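Please read it alongside the sequence and the coordinates.

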Amino acid sequence: MPALVNYSGDDEIYSGGSFYTNSSDLGRLYSIGSRVDVYSPACKRARFSAPYHFGFEQNKRPSIEVLPDECLFEIFRRVPEGKERSTCACVSKKWLMLLSSIRRNEFCNGSAAAEENETVTAVLNDAEMVSCEENKEVESDGYLTRSLEGKKATDMRLAAIAVGTSSRGGLGKLLIRGSNSVRGVTNLGLTTIARGCPSLRALSLWNVPFVGDEGLSEIAKECHLLEKLDLTNCPSISNKGLIAVAENCLNLSSLNIESCSKIGNEGLQTIGKLCPKLQSISIKDCPLVGDHGVSCLLSSASSVLTRVKLEALNITDFSLAVIGHYGKAVTKLSLGGLQHVSEKGFWVMGNAKGLQKLMSLTITSCRGITDVSLEAIAKGSVNMKQMCLRKCCFVSDNGLVAFAKAAGSLESLQLEECNRVSQSGIVAALSNCGTKLKALSLVKCMGIKDMAFRMSVPSPCSSLRYLSIRYCPGFGSASLAMIGRLCPQLQHVDLSGLCGITDAGLLPLLESCEAGLVKVNLSGCMSLTDEVVSALARLHGGSLELLNLDGCRKITDASLVAIAENCLFLSDLDVSKCAVTDSGITILSSAEQLNLQVLSLSGCSEVSSKILPCLKKMGRTLVGLNLQNCSSISNSTIELLVESLWRCDILS
């Protein structure tokens with residue numbers, strides 16, 4: 001007889017005694033909440049217009065409740081799966097917890113129940129009788145997903161999920177985000193999931209302080225199909241729980257551990273030895289994790305491990321040397337906040353020549369990344385296609401150019417808050433990057449200063465298609481004109497937050513783009529005028545699909561006229577906080593060739609309720625309309641639009 005789980009508190013969801021002595025009528029005495037994951041037929045409450053009297057005391061407990069838990073267990077394990085079992089779970093908290101405590105293999109199958117109870121056999125239809133083998137097949141599908149967040153995350157809801165999903169294919173994915181501050185998720189709730197949902201393949205626990213090793217161990221013992229495990233801010237889970245997962249869940253392929261203060265080297269070492277299918281590992285902000293755990297994990301799972309993410313850990317150069325030597329299958333690597341790793345560690349990682357399959361590398365806030373180590377990484381990762389450097393303060397123009405020359409397969413380069421990189425370094429990197437670079441992104445690089453390039457124009461980068469330069473205050477018209485001459489095949493341009501660029505700087509770029517611009521984001525470029533928008537519409541109206549002019553306060557109706565006359569395929573237009581009026585919107589709506597799907601007029605104070613007919617006309621194609629902070633548009637106009645444009649999402 002297995003140990004049964006008892007729920008503390010009121011066992012009944014109703015007060016007083018039972019109106020019926022027959023247990024089959026108990027289903028009339030409860031109602032089920034809309035959020036509980038079990039099935040129950042609709043019930044009506046009995047009404048009495050006169051005093052009534054029963055032949056027993058009102059405070060007498062229902063007869064079935066006087067049975068010990070062992071007897072209830074034997075009864076419940078014979079209840080058919082599906083509607084009947086869900087009905088029993090709704091009677092009381094006690095019954096729900098008892099049902100959820102029974103393991104899947106402890107329930108009697110249909111044939112056994114039929115032999116013991118001929119009455120039940122007579123009632124059940126042939127369609128409802130499912131053989132044991134068919135039952136297992138359905139349960140193993142595990143296609144259902146359930147998510148509990150905040151106050152909804154309680155043990156009772158987990159118990160309801162365990163009972164309710166068993167007859168619907170089985171639970172495949174469970175996400176718990178946060179926990180109820182009064183009745184939060186504990187080991188008890190996780191135990192009910194473990195016993196009722198052996199088909200579970202993915203489990204994510206975020207901010208559940210009351211779940212510890214006991215609950216995770218139950219999951220490991222019962223859910224052998226588990227493939228993905230995500231533990232974030234689980235302070236009660238230690239190496240013991242992780243070791244239980246390693247010993248029982250041999251199919252584990254993805255492991256994410258973040259801010260778990262009790263998980264250390266021992267747990268990771270066991271994972272590496274006992275989980276031969278582990279492909280993805282992410283460890284962040286775990287103070288007990290050091291070189292020993294990381295090195296054992298990487299060396300043991302080196303043949304299949306393809307994704308590695310290590311952030312804010314107390315590891316040294318030794319761990320990076322292990323990555324460089326054993327990371328032969330790694331294709332995606334992310335390293336961040338490694339304060340104890342020096343230039344030597346990154347240099348050794350690159351020169352170990354083990355990262356031959358590495359395609360994507362992201363490095364954030366690592367002081368060990370210098371010009372020397374960056375070049376070594378490029379030479380040791382010949383197949384690298386994506387490189388992202390964030391807050392690497394020791395990388396300068398020399399390192400960037402050397403990296404561009406060595407990384408012959410590079411397709412995407414992103415630099416964020418790398419303040420030693422200047423305009424000269426960007427230009428030199430573009431001219432030396434080879435023929436495969438397709439995307440360049442610069443974000444908040446304060447070292448870039450706008451100055452005229454006096455040297456001869458270097459060889460162009462004809463492969464670049466995507467250019468994003470955002471919030472770099474020193475990037476001005478001269479720099480933009482040079483970039484335009486270097487990159488004649490641009491199709492996507494994002495210049496968000498560049499307050500210093502003017503029409504004179506952007507026009508050369510527009511004129512040099514031979515392929516035709518498809519997406520252009522100029523939000524926050526407050527110095528641009530109608531002249532540049534008119535040129536954009538005239539030169540690239542045949543290819544332009546998205547145009548964002550949010551915050552360009554010098555843009556007027558003249559720009560809308562040019563867009564209406566020249567843009568054939570524009571589907572997304574944002575003129576928020578621009579100086580457009582009703583006249584411009586009217587002209588825009590009259591363009592027969594224009595089929596806008598998304599239009600944003602947020603903060604356009606000159607746009608009034610008079611444009612209602614125009615917006616209705618454009619409503620035949622619109623699926624998104626933003627009218628927030630349009631002070632001249634009345635609420636009644638908004639209501640009419642909502643009623644008319646029923647297929648369009650309207651923000652107001």
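Helices and strands are DSSP runs, numbered from the N terminus; a helix is a run of H or I with at least four residues, and a strand is a run of E with at least two. The model is predicted.

Ser381 is placed in the loop that runs between helix 15 (371-380) and strand 10 (386-390). Is this residue, Ser381, buried or exposed? Ser381 counts as buried, because its relative accessibility is 2% and the limit for buried is under 20%.

Leaving aside residues up to four places away in sequence, Ser381 touches Leu355 and Leu358. Leu361 is 20 residues from Ser381 in sequence, and the C-alpha atoms of the two are 9.6 Å apart.

## Salt bridges

Side chains of opposite charge can pair when their charged atoms come close.

The side chains of Lys284 and Glu258 meet in a salt bridge with an N to O distance of 3.9 Å. Lys284 belongs to strand 6 (residues 280-284) and Glu258 to strand 5 (residues 254-258); the pair links distant parts of the chain, 26 residues apart. Both partners are partly exposed, Lys284 at 30% relative accessibility and Glu258 at 24%.

Within helix 15, Glu375 forms a salt bridge with Lys379, and the closest N and O atoms are 3.2 Å apart. About one helical turn separates Glu375 and Lys379, because they are four residues apart in the helix. Glu375 is partly exposed, with a relative accessible area of 29%, and Lys379 also counts as partly exposed, at 47%.

Lys577 forms a salt bridge with Asp550, where the closest N and O atoms are 3.0 Å apart. Lys577 lies in the loop between strand 17 and helix 22, while Asp550 lies in the loop between strand 16 (546-548) and helix 21, so the pair ties together parts that are 27 residues apart in sequence. Lys577 is partly exposed at 39% relative accessibility, and Asp550 is partly exposed at 22%. Elsewhere, salt bridges that share partners join Glu258, Lys284, Lys309 and Glu311 into one network.

## Helix 22

Helix 22 covers residues 582-589, and its buried residues are Asp582, Gly584, Ile585, Leu588 and Ser589. Viewed down the axis of helix 22, these residues fall within an arc of 160 degrees, so they line one face of the helix.

What do the buried residues of helix 22 pack against? Their partners are helix 21 (557-566), strand 17 (572-574), strand 18 (598-600) and helix 23 (612-618).

## Cysteines

How many disulfides does a search of the whole structure find? The search finds zero. For Cys260, the closest cysteine sulfur is that of Cys234, at 4.8 Å, which is too far for a bond because a disulfide needs sulfur atoms within 2.5 Å.

Cys260 is buried, with a relative accessible area of 0%. Cys296 is buried as well, with a relative accessible area of 16%.

## Aromatic rings

A pair of aromatic rings is described by the distance of the centres and the angle of the planes. The structure holds zero aromatic pairs. A charge over a ring does occur: Arg177 lies over the face of Trp206, at 3.8 Å from the ring centre.

Methods
Residues numbered from 1 in each chain as written. Predicted model: local features only at pLDDT ≥ 70, side-chain atom pairs only at ≥ 80, totals over all residues. Heavy atoms only, no water. Buried < 20%, exposed > 50% of the residue type's maximum accessible area, 1.4 Å probe, protein only. Contact = heavy atoms within 4.5 Å. Arc of directions from axis to C-beta. Phe/Tyr/Trp six-rings, centres within 6.5 Å; stacked < 30°, edge-to-face > 60°. Lys NZ or Arg CZ within 6 Å of the ring centre and 35° of its normal. Salt bridge = Lys/Arg side-chain N within 4 Å of Asp/Glu carboxyl O.
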